[in-house]
Amino acid sequence: MAAREPGDVVVVDGGPGELVLMWVGFPLLGAGLGAGLTAVSGWIAGLAWFPFQGVFELLDRWPDQRAYPVGAGVAALAGVVLAFLGARERLAVTVGHRSVRLHRDGHGRDVARAGVTGVFVDGKALVLLDDAGGELARERSDLSAERLRAAFTRQGWPWTGQDPHRDAYRRWVAGLPGLPPGADALLRARQRAVDGGHGDEARELHGELARLGVVVRDEGKRQYWRLVPHPRNH
């Protein structure tokens with residue numbers, strides 16, 4: 001879906017098609033999967049390693065007119081939960097001449113154009129840099145890098161295409177020298193959050209590290225860091 005232009009801003013988001021896929025496609029896919037698993041519930045119940053053995057044993061004992069609606073219904077409900085979580089994580093980027101609004105999960109933040117010296121996509125993350133080399137924003141999403149580039153360049157933002165500081169990053173190893181006081185402990189805590197899939201906690205710790213002048217980027221579950229000479233509190 002192409003970026004659309006309401007008035008003097010350009011909005012880049014997943015569009016209505018993404019919501020339809022989530023709220024209709026996920027439950028339907030779940031219902032189909034649930035019906036399929038119900039059909040082979042007797043076989044699954046005999047697999048000692050398969051989870052939820054009790055559920056499949058129960059479905060196998062029930063008559064079809066009861067087992068199929070329950071199996072499909074539970075899986076469809078799981079699809080609804082996934083759709084809810086996916087909708088919460090959707091990022092909408094509204095680019096104007098003077099500021100950009102980053103909106104996710106009912107919350108938005110604005111970044112002024114005047115303080116931005118570079119914009120690029122790092123993997124799946126949209127990144128905005130300040131003139132000191134610090135990150136004003138790093139937001140992960142599935143939005144197209146080309147659509148984001150078109151939106152920012154159309155509004156005159158400094159799109160760099162890639163991270164100008166990429167060569168400055170070092171892989172984090174516990175106890176590595178060169179970090180400011182307190183940063184190693186925060187990186188340890190953030191590594192646990194990353195390993196455990198706790199995205200909100202990892203983002204919060206990312207912000208704490210930024211206040212110490214440490215910029216962090218992830219490659220898989222590995223953390224890489226660099227220092228900002230004169231960090232600012234954003």
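This is a predicted model: local features need pLDDT of at least 70, side-chain atom pairs count only at pLDDT 80 or more; totals for chains, interfaces and linings use all residues.
Q: How do the residues of the lining divide into nonpolar, polar and charged?
A: The lining of the largest pocket has 20 charged, 14 nonpolar and 12 polar residues.

Q: Where is Glu 139 placed, and is Glu 139 buried or exposed?
A: Burial is read from relative accessible area, with under 20% counting as buried. Glu 139 belongs to strand β7. Its relative accessible area is 14%, so Glu 139 is buried.

Q: With which side chain does the side chain of Glu 139 make a polar contact?
A: The partner is the side chain of Arg 104, at 2.9 Å. Setting aside neighbours within four places in sequence, Glu 139 is also in contact with Leu 91, Leu 102, Arg 109, Lys 124, Ala 125 and Leu 126.

Q: Which residues of the largest nonpolar core touch the most other members?
A: A core can be read through its most connected members. In this core of 20 residues, those are Val 93, Val 100, Leu 126, Leu 128, Leu 148, Phe 152 and Trp 157. At least two core residues come from each of β1 (10–12), β2 (91–95), β3 (99–104), β5 (118–122), β6 (125–129), β7 (135–140) and α5 (145–154). Apart from this core lies another, of eight residues, including Leu 187, Leu 209, Val 216 and Trp 225.

Q: What is Phe 152 in contact with, leaving aside neighbours within four places in sequence?
A: Phe 152 contacts Val 93, Val 95, Val 100, Val 119, Leu 126, Trp 157 and Trp 159.

Q: What is phi of Phe 52 near, and where is Phe 52 found?
A: Most residues other than glycine have a negative phi. Phe 52 has a positive value, near 60°. Phe 52 sits in the loop between α2 (41–45) and α3 (53–61).

Q: Is Phe 52 buried or exposed?
A: A relative accessible area over 50% counts as exposed. Phe 52 has 61%, and is therefore exposed.

Notes: Residues are numbered from 1 along each chain as its sequence is written. Side-chain values use heavy atoms; hydrogens and water are left out. A nonpolar core is a set of buried Ala, Val, Leu, Ile, Met, Phe, Trp, Tyr and Cys residues joined through side-chain atoms within 4.5 Å. Buried means under 20% relative accessible area, exposed over 50%, partly exposed in between (1.4 Å probe, protein chains only). Helices (H or I, at least four residues) and strands (E, at least two) are DSSP runs, numbered from the N terminus. Contact means heavy atoms within 4.5 Å. Ala, Val, Leu, Ile, Met, Phe, Trp, Tyr, Cys and Pro count as nonpolar, Asp, Glu, Lys and Arg as charged, and the others, Gly among them, as polar. A polar contact is a pair of N or O atoms within 3.5 Å; within protein, one must be able to donate a hydrogen and the other to accept it, and residues adjacent in sequence count only if both atoms are side-chain atoms.
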